[in-house]
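Dear colleague,

I am passing on the structure below, followed by some notes on what was found in it. Please read the notes with the structure open beside you.

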Amino acid sequence: MLPELHILGVTLQTFGLALAFALVCSGVLVAWRLRELGLPVDWAYEIMFFAGVGGIAGAKLWYVVEKGDLGSLFSGTGLVFYGGAIGGALAVMAYARYRGILDHRLFDMGAPALAIGYAVGRIGCQLAGDGDYGIPSNLPWAMAYPHGTVPTTVPVHPTPIYELIVMGGVTWWLWRRRDRVRPGELIGWWALLAGIERFLVEFIRRNEDIAGPFSLAQIVSLVLVAAGGWWLLRVRSRAQSSTTVPSPRASAPRRARAAAASSSSPTPTDL
């Protein structure tokens, strides 16, 4: 494990570095999609700024409410994904409304970005050994985290690696389908798949059960699965009988397309 890096007398937390890298990876997909939609690519910088600030604030607040640890609010620990997802989503939605790009197709832009951000973020959990690993295991790939921030010398399930692989696959699947589904479907599929993945992995993670055999994360995951399923049914029920998917540029909101067309500033290179 490698919780810290010491470079030229400066100590860097690998979890923080992984979190920053996750944000960059999400930003690359957002910038790519903005280009496909005919919108200014530099909006990706603004979107990821709001996603990062809102995400960290939401992750911290969720942890404080869940653990009752007010002191962790200003520490380098205590970040919960679901709180980050909610906080980041609310901040980005506020920004998108301001820009006039708040619609189903733009919701879908966030689906692969959320998936890859979660997957890459788990690299930080693996490097830091922060307690997000699993229960003891005798499997050949089980490992100990003797030098982690929450150390253990007992071989356990490396659940951060499991989640990196699964959510990396979900990212690829969502990205491949971005122009093959009805506007609004991708975010529903993300909620459904992300909820199922987290619900299942919780059975082998070291988390406290609060309702029978279920942890708080599993209860939230079930809510996410239900919301994703409901959203998919809603999108499909409102779709026209035609199976034709609108072109990406045509599906961008009118106000956003007008802003993109009137922009005279050069578009910077993708993130």
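The model is a predicted one, and in it the side chain of E36 meets that of R178 in a salt bridge, with 2.8 Å from N to O. This pair links distant parts of the chain, since E36 belongs to helix α1 (residues 14-36) while R178 lies in the loop between α5 and α6 (185-201), 142 residues apart. R178, for its part, is buried, with a relative accessible area of 16%.

R205 is buried, its relative accessible area being 6%.

In the other, the side chains of R182 and E185 meet, again with a value of 3.0 Å from N to O. R182 is partly exposed at 29% relative accessibility, whereas E185 is buried at 2%. Salt bridges that share partners also form one network, which joins R122, D132, E163, R198, E202 and R205.

Next comes a pair of helices. Helix α4 (residues 104-128) and helix α5 (residues 159-176) have axes that come within 8 Å and cross at roughly 160°. Because angles over 145 degrees count as roughly antiparallel, α4 and α5 are described as roughly antiparallel to each other. The crossing in which α4 passes α5 is left-handed.

As for the residues that meet there, the α4 side includes A111, P112, A115, I116 and Y118, and among those on the α5 side are P160, I161, L164, M167 and G168. R122 in α4 and E163 in α5 are also among the residues of this contact, and both R122 and E163 belong to the salt-bridge network mentioned above. By class, the contact of α4 with α5 has 16 nonpolar, 3 polar and 2 charged residues.

Key:
Residues are numbered from 1 along each chain as its sequence is written. This is a predicted model: local features need pLDDT of at least 70, side-chain atom pairs count only at pLDDT 80 or more; totals for chains, interfaces and linings use all residues. Side-chain values use heavy atoms; hydrogens and water are left out. Axes are lines fitted to C-alpha atoms, for helices over the stretch in contact, and angles run from 0 to 180 degrees between N-to-C directions. Helices (H or I, at least four residues) and strands (E, at least two) are DSSP runs, numbered from the N terminus. Angles under 35 degrees count as roughly parallel, over 145 as roughly antiparallel, 65 to 115 as roughly perpendicular and the rest as oblique. A crossing is left-handed if the near helix is turned anticlockwise from the far one by less than a right angle, and right-handed if clockwise. Contact means heavy atoms within 4.5 Å. Ala, Val, Leu, Ile, Met, Phe, Trp, Tyr, Cys and Pro count as nonpolar, Asp, Glu, Lys and Arg as charged, and the others, Gly among them, as polar. A salt bridge is a side-chain nitrogen of Lys or Arg within 4 Å of a carboxyl oxygen of Asp or Glu. Buried means under 20% relative accessible area, exposed over 50%, partly exposed in between (1.4 Å probe, protein chains only).
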